[in-house]
Amino acid sequence: MLDYVTTERGRPMKNVLEYLETSAGRYSDKIAVTDEKSSVTYAQLMENSQKIGSFLCDKTDSGEPVIVFMEKSIESLCSFFGTVYAGCFYTLINPQLPDGRITKMREVLGSKTVLTDSSLYDKAKSLFYPLNIYKTEDMLNSPIDYDKLSEIRNRMTDSVPLYINFTSGSSGVPKGVAVSHRSVIDFIDVFCDSFGITEEEIIGNQAPFDFDVSVKDIYSTVKSGASLVIIPKEYFSKPTDLMDYIIDNKVTTLIWAVSALSLINTFHILDYKTPDLIKKVLFSGEVMPLKHLKDWQKHLPCTTFVNLYGPTEITCNCTYHIIDHSADYENGIPIGKAFDNKKVMLLDAENREITCPGVTGEICVGGSGIALGYYNDKEQTEKVFVQNPLNTVYFERIYKTGDLAKYDENGNLFFCGRKDFQIKYLGHRIELEEIEKAIIKIENIETCCCVFDENKKKLYAFYVGSIDKKELHKRLKEVLPVYMVPGALRQMDKLPLNKNGKTDRKALLGDVL
């Protein structure tokens, strides 16, 4: 019995499991997810998730956080959905994280339950004792208790958490961003409609499952009845194997971090093979180097490219810009305009709204996509999830992103860096992104990143490219004021990436301390 929940027609969705159940009803025998070891149909994905949910029913209380301690895989996806079937919410903890950080995340969550697999069971016991630790292999042998699952579902509302993803915290304690079912449903419905994501898609997953880019992969797939191909993380250090895997699995859609797309350009892998079946490339996380975008466009001239923007706290993305193949973008690629049902505005330092072009302000976001806050951290939540200062007549919560942007004459937003990436150097206030943009425009530069050592008051630029340091310094003096030219240039084979595929600024700064 697969379709044990009948969605009442006309009733708004309130639980993401309705995506899975609807697609399992429509595309029962279709491959839903593939990883390097195996694949599952929609019917199998739902059945395995229900088995895990039934197993957990008597071992957890509704509304509890459940830790999923696994690599990204079919089993971890089943654990996500199974956790939700049990009335709980999930957090994936990456086994590759340092033990100390895992301990801090565990303390924030206060969870009693950990799901893992046989390969990680001993490590889970050492890290999470005395919590209850269960293996997926055991849970998948459980019978499905349809009555219990239905009873739990009927009690759930759309405002309860679906997942918690952790971001860095300025205090040294990771912040757990709690996101509700309603926020994900609102965003994914609009996201799929905006870009025509249908059952025909084969989505190639790049992002780790503890990074919110993967939320788009997972829930766009199950909402539309598409297929998800989980790309093994080790392939991103073997670019030719990566391209072979994409082509062999007939991937049509990439929803990737900019750094991952740029990696392919840096190693000229599009010249090795061109993935001709890819029709959509949606990128986010950092500013896309224009030369890398143009290289992708050259190899895939009929593909739709989209620049996405948004932090974890607003549920994936709040603005987008569909790339115009006829535009040159020499002045930068806009982050565009707001998605439907996302309120995006710029506020100045006095909380006044900025509407005129060319004036920089902080991006603030409202709407039902806003996260519930930082889990178990009221103080940090109240700093950035605040009352809309433009609304004095009723409660309206917004999220202050800390990102800076400005409008152009057509109402498109352009990202202008982080408030905390603005430095004071040699008496001048400088945006590090402005220096990076100047460097990346120079011929024979592949990618770069600037960091500032506050203690030594020294500005560094790390870059990948064939130009030597003396020539780069000369060229930068030609395009930047002297106070913006980095005092130290470091040529590298590649820039380090953090677990989410973004340039690891902390690692770079650590290299010079």
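Helices α11 and α13 are roughly perpendicular to each other, a class that covers angles of 65 to 115 degrees, whereas angles under 35 degrees count as roughly parallel, those over 145 as roughly antiparallel and the rest as oblique. Helix α11 spans residues 258–266 and helix α13 residues 290–299, and the two pack at an angle of about 70° with their axes 10 Å apart. The axes are lines fitted to C-alpha atoms, for helices over the stretch in contact, and the angles run from 0 to 180 degrees between N-to-C directions. The model is a predicted one, in which local features need pLDDT of at least 70 and side-chain atom pairs count only at pLDDT 80 or more, while totals for chains, interfaces and linings use all residues. Residues are numbered from 1 along each chain as its sequence is written, and side-chain values use heavy atoms, with hydrogens and water left out.

On the α11 side of this packing, Leu 261, Ser 262, Ile 264, Asn 265 and Thr 266 meet His 292, Asp 295 and Trp 296 of α13, where contact means heavy atoms within 4.5 Å. The residues of this contact divide into three nonpolar, four polar and one charged; here Ala, Val, Leu, Ile, Met, Phe, Trp, Tyr, Cys and Pro count as nonpolar, Asp, Glu, Lys and Arg as charged, and the others, Gly among them, as polar.

Helix α11 also takes part in the surroundings of helix α10, whose buried residues pack against β10 (227–230), β11 (253–257), α11 and α12 (269–272). Helix α10 covers residues 239–248, and its buried residues are Pro 239, Leu 242, Met 243, Asp 244, Tyr 245 and Ile 246. Buried means under 20% relative accessible area, exposed over 50% and partly exposed in between, computed with a 1.4 Å probe on protein chains only. Just after α10, Lys 250 takes a positive phi of about 55°.

Seen as a whole, the protein chain comes to 17 helices and 27 strands, which are DSSP runs numbered from the N terminus, helices being H or I of at least four residues and strands E of at least two. Of its 513 residues, 58% count as buried. For a chain of 513 residues a compact globule would have a radius of gyration near 24 Å, and the 23 Å of the protein chain agrees with that; the radius is taken over C-alpha atoms, and the globule rule is 2.2 Å times the number of residues to the power 0.38. Along the principal axes, the C-alpha atoms fill a box of roughly 70 × 60 × 45 Å. Among contacts with a separation of 6 or more, 67% come from residues 24 or more positions apart.

A search of the whole structure finds 23 salt bridges, each being a side-chain nitrogen of Lys or Arg within 4 Å of a carboxyl oxygen of Asp or Glu. One of them joins Asp 122 to Lys 125, with the closest N and O atoms 3.9 Å apart. Because these two residues lie three apart in helix α5 (residues 121–128), about one helical turn separates them. An α-helix has 3.6 residues a turn, so residues three or four places apart point the same way. Asp 122 is exposed at a relative accessible area of 56%, while Lys 125, at 39%, is partly exposed.

Another salt bridge pairs Asp 189 with Lys 223, with the closest N and O atoms 3.6 Å apart. Asp 189 belongs to helix α8 (residues 181–195) and Lys 223 to helix α9 (residues 213–224), so this pair ties together parts that are 34 residues apart in sequence. Asp 189 is partly exposed at 25% relative accessibility, and Lys 223 is partly exposed with a relative accessible area of 27%. Elsewhere, salt bridges that share partners join Asp 61, Glu 64 and Lys 112 into one network.

Some backbone details remain. Most residues other than glycine have a negative phi, and most peptide bonds are trans. Tyr 329, although not a glycine, has a positive phi of about 55°; Tyr 329 is found in the loop between β14 (319–322) and β15 (337–338) and counts as buried at 11% relative accessibility. Asn 341 has a positive phi near 70° and is found in the loop between β15 and β16 (343–347), where Asn 341 counts as partly exposed at 48% relative accessibility. The peptide bond from Tyr 129 to Pro 130 is cis, with omega near 10°, and Pro 130 has its place in the loop between α5 and β6 (132–135).
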